[in-house]
Amino acid sequence: MAQTFRALIAAGALAIAVGAAPAGGVTLSPRAPTWAELSPADRQVLAPLAGEWDSYDTQRRQKWLGIAKRYPKLAPAEQQRVQQQMSAWVHLTPDQRKQAREQYKTIKQLPPDKRRQVEKKWEEYQRLPPEKRRELTAHGTAPPPSNPAASKP
């Protein structure tokens, strides 16, 4: 249960990053590249998605490409976070991914003051020791499994 919750947290953060990610210089075209057509640099960044890439629709591929184009400009810690979140995303079930996207939409629609409150709760939760987070998860009192701050890469 705790591992699923952690995966949902990472997925929520990634959904926020992907959902809020501008194309980063990638123009929308009628067809996005297949895995084999990606540049070596893009394949390296997007490696966790290799097995699923060709099943994604054009819009989803374009969003991931936007992340890949911004990736080299990220700080090493941010690059590591993106890689971890991509790996977590790939391991989620379709229902868990849907839940993460819905949570992103819900948080995005909050008024700025409420959104700041959610961000503050998330930050407080992140500072807790792992055993305390597991305890909160077990009791169902953990914050929503998403990270609104992730939309600010």
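A residue counts as buried when its relative accessible area is under 20%, and Tyr 125, at 5% relative accessibility, therefore belongs to the buried residues. The model in which this residue sits is a predicted one, and the chain it describes has seven helices and zero strands.

**Overall build**

- Read along the sequence, the elements of the chain follow the pattern α-α-α-α-α-α-α, in keeping with a count of seven helices and zero strands.
- When contacts between residues at least 6 apart in sequence are considered, 67% of them join residues that are at least 24 apart.
- The chain exposes about 8900 Å², and carbon and sulfur atoms supply 55% of that area.

**Confidence of the prediction**

- The mean pLDDT of the chain is 79, and 71% of its residues reach a value of 70 or more.
- Confidence is lowest in helix α1, which covers residues 2–20 and has a mean of 52, whereas it is highest in helix α2, which covers residues 40–45 and stands at 96.
- Over residues 17–28 the pLDDT is below 50, and this stretch has 21 contacts in the model beyond near neighbours in sequence.
- Over residues 146–153 the pLDDT is likewise below 50, and this stretch has 29 contacts in the model beyond near neighbours in sequence.

- Asp 42 is found in helix α2, the helix in which the confidence of the chain is highest.
- Because its relative accessibility is 8%, Asp 42 counts as buried.
- Leaving aside residues up to four places away in sequence, Asp 42 touches Leu 65, Ala 68 and Lys 69.

**The largest nonpolar core**

- The largest nonpolar core has 18 residues, and those with the most contacts inside it are Leu 46, Trp 53, Trp 64 and Met 86.
- Helix α3, covering residues 58–70, and helix α4, covering residues 76–90, each supply at least two residues of this core.
- The largest share of the core comes from α3, which gives four residues.

- The structure holds three aromatic pairs, and a pair of aromatic rings is described by the distance of the centres and the angle of the planes.
- Trp 53 and Tyr 56 form an edge-to-face pair, with 6.2 Å from centre to centre and 65° between the planes.
- Trp 122 and Tyr 125 form a tilted pair, with 5.7 Å from centre to centre and 35° between the planes.
- Because Trp 122 and Tyr 125 are three residues apart in helix α6, which covers residues 112–127, they are separated by about one helical turn.

Terms used. Residues are numbered from 1 along each chain as its sequence is written. This is a predicted model: local features need pLDDT of at least 70, side-chain atom pairs count only at pLDDT 80 or more; totals for chains, interfaces and linings use all residues. Side-chain values use heavy atoms; hydrogens and water are left out. Contact means heavy atoms within 4.5 Å. Accessible areas come from the Shrake-Rupley method with a 1.4 Å probe; for residues, only the protein chains shown count as cover. pLDDT is the predictor's confidence in each residue, from 0 to 100. Buried means under 20% relative accessible area, exposed over 50%, partly exposed in between (1.4 Å probe, protein chains only). A nonpolar core is a set of buried Ala, Val, Leu, Ile, Met, Phe, Trp, Tyr and Cys residues joined through side-chain atoms within 4.5 Å. Rings of Phe, Tyr and Trp (its six-membered ring) pair if their centres lie within 6.5 Å; planes under 30 degrees apart count as stacked, over 60 as edge-to-face and the rest as tilted.
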